[in-house]
Amino acid sequence: MAALKVGFIGSGGMAKAHVGPVKAVGDVEVAAFCDVALSHAEAMAKEHGGQAFSTPKEMFEAVKLDVAYILLPPFAHGDAEFAAIENGVPFFVEKPIGNDLALSREIARKAAEKNLITCAGYMNRYRESINRAREMLQEDPAVLAYGGWIGGSPGPASSEFIGSWWAIKAKSGGQIVEQCTHTFDVVRYLCGEGEEVFAHAAVGFNPRVPGYDIDDASTVNIKLKNGGVVNLMSCCASNAGGGVTLTVHAKQSTFLFSGWEHSVEIRQKDKEPVRIAGEGDIFAVEDKVFLEAVRSGDASGIRSPYSDAVKTLEWTLAANRSIETGQPVKIEG
Ligand SMILES: NC(=O)c1ccc[n+]([C@@H]2O[C@H](COP(=O)([O-])OP(=O)(O)OC[C@H]3O[C@@H](n4cnc5c(N)ncnc54)[C@H](O)[C@@H]3O)[C@@H](O)[C@H]2O)c1
């Protein structure tokens, strides 16, 4: 069977994170890189092979791809997905899949019309710890969950990081949409769909220098459809520690997740706790599942299709809207 020809749209940090695991799957040809900053695409092509382009349209016209990896900042989505759909190319999109719900719904609708295999980059859905908890929570549903992403203040405005897009709300959507989205998605995967979101934010702790207008912290309450309740916190102004945490309480079990890798301790009454260490190489697991799905045409192994990730985007944008309006926001689902 011929090697799968893969093209990357967005040639920044996440292209670097995925290209190694993609090649490691085997029978894969890294065929193209695309980036609005052509020099980024050229640098990746020089290192990993393939041609470099500055627009998705040019890339799809010049190279007959089997798969596209869309690894763009939240504000930059649309053209890449529509070009992949027009060319009938299955695609992977890094989380968050955008910052515009109507656009993402349109992309999901068009991809479904063409029956395209898609995958969103919610890699925690492939973890053993998460899936053990999910199985147990099907029988014994979550009553309460809380956790979030607590990190330090972003660097000075002159740094590439803050000067690019992360700290500009119109571009990234802010920390809820861009980062804590992982935890919102894990909660959806473990605890089920939501009914309503109510959120508050803190501002003015980090200096509001040009290039920084996101919230410094937020706390988001979510009412689940099963009647359970959730609180998720985000903070990017905690410089003496923090991290990624999630605790889920059900009637018979408590799940204590910790760290980016989502290691878990599962507690049950009168039983020894069960500990499952999180995988360090989770992008490799995710990329293998996706590329094998494309190769076989069987998408059943994909735990986060694009259409599902649209619902996680809805939760996080609802939280932002609640912060703006001071009102609870219903989730349509
Ligand atoms: N799964 C994870 O754990 C994880 C970790 C980090 C980042 N991400 C996500 O991955 C996505 C990309 O993040 P990153 O760290 O690679 O960002 P980055 O800033 O390092 O790279 C983005 C690249 O996209 C390019 N770009 C911008 N607009 C473009 C456009 N319209 N067309 C083509 N290229 C364009 C930029 O020039 C840049 O080279 C973001 O959504 C981010 O949230 C996911």
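Predicted model: local features only at pLDDT ≥ 70, side-chain atom pairs only at ≥ 80, totals over all residues.
User: How do H1 and H11 sit relative to each other?
Analyst: H1 and H11 are oblique to each other. Angles under 35 degrees count as roughly parallel, over 145 as roughly antiparallel, 65 to 115 as roughly perpendicular, and the rest as oblique. The axes of H1 (residues 13-24) and H11 (residues 282-296) cross at roughly 55 degrees and come within 9 Å. Axes are lines fitted to C-alpha atoms, for helices over the stretch in contact, and angles run from 0 to 180 degrees between N-to-C directions. Helices (H or I, at least four residues) and strands (E, at least two) are DSSP runs numbered from the N terminus.

User: What about H5 and H12, at what angle do they cross?
Analyst: Roughly 170 degrees, with the axes of H5 and H12 (residues 306-325) coming within 9 Å. H5 and H12 are therefore roughly antiparallel. The H5 side includes Leu101, Ser104 and Arg105, and the H12 side includes Tyr306, Val310 and Glu314. By class that contact has nine nonpolar, two polar and two charged residues.

User: How far apart are the axes of H6 and H10?
Analyst: The axes of H6 (residues 128-139) and H10 (residues 181-191) are 8 Å apart, and the helices pack at about 40 degrees. That makes H6 oblique to H10. Ile130, Ala133, Arg134 and Leu137 of H6 meet Val186, Tyr189, Leu190 and Cys191 of H10. Seven of these residues are nonpolar, none polar and one charged.

User: Switching topic: what are the domains?
Analyst: Domain 1 covers 4-116 and domain 2 covers 125-279 + 312-330, with bounds from an automatic or database domain assignment. Their centres, taken over C-alpha atoms, are 27 Å apart. In the interface, 10 residues of domain 1 contact 13 residues of domain 2. The domain 1 side has six nonpolar, three polar and one charged residues.

User: How many residues surround the ligand?
Analyst: There are 23, and the closest are Gly12, Gly13, Met14, Ala76 and Glu94. The shell has 12 nonpolar, seven polar and four charged residues.

User: Where is the cis peptide bond?
Analyst: The cis bond joins lysine 95 and proline 96, with omega about -15 degrees. Proline 96 lies in the loop between strand S5 (91-93) and helix H5 (101-113).

User: What is the phi of aspartate 27?
Analyst: Aspartate 27 has a positive phi of about 55 degrees although it is not a glycine. Aspartate 27 is in the loop between H1 and strand S2 (28-34).

Methods
Residues numbered from 1 in each chain as written. Contact = placed C-beta atoms within 7 Å. Nonpolar A, V, L, I, M, F, W, Y, C, P; charged D, E, K, R; others polar. Near = placed C-beta within 6 Å.
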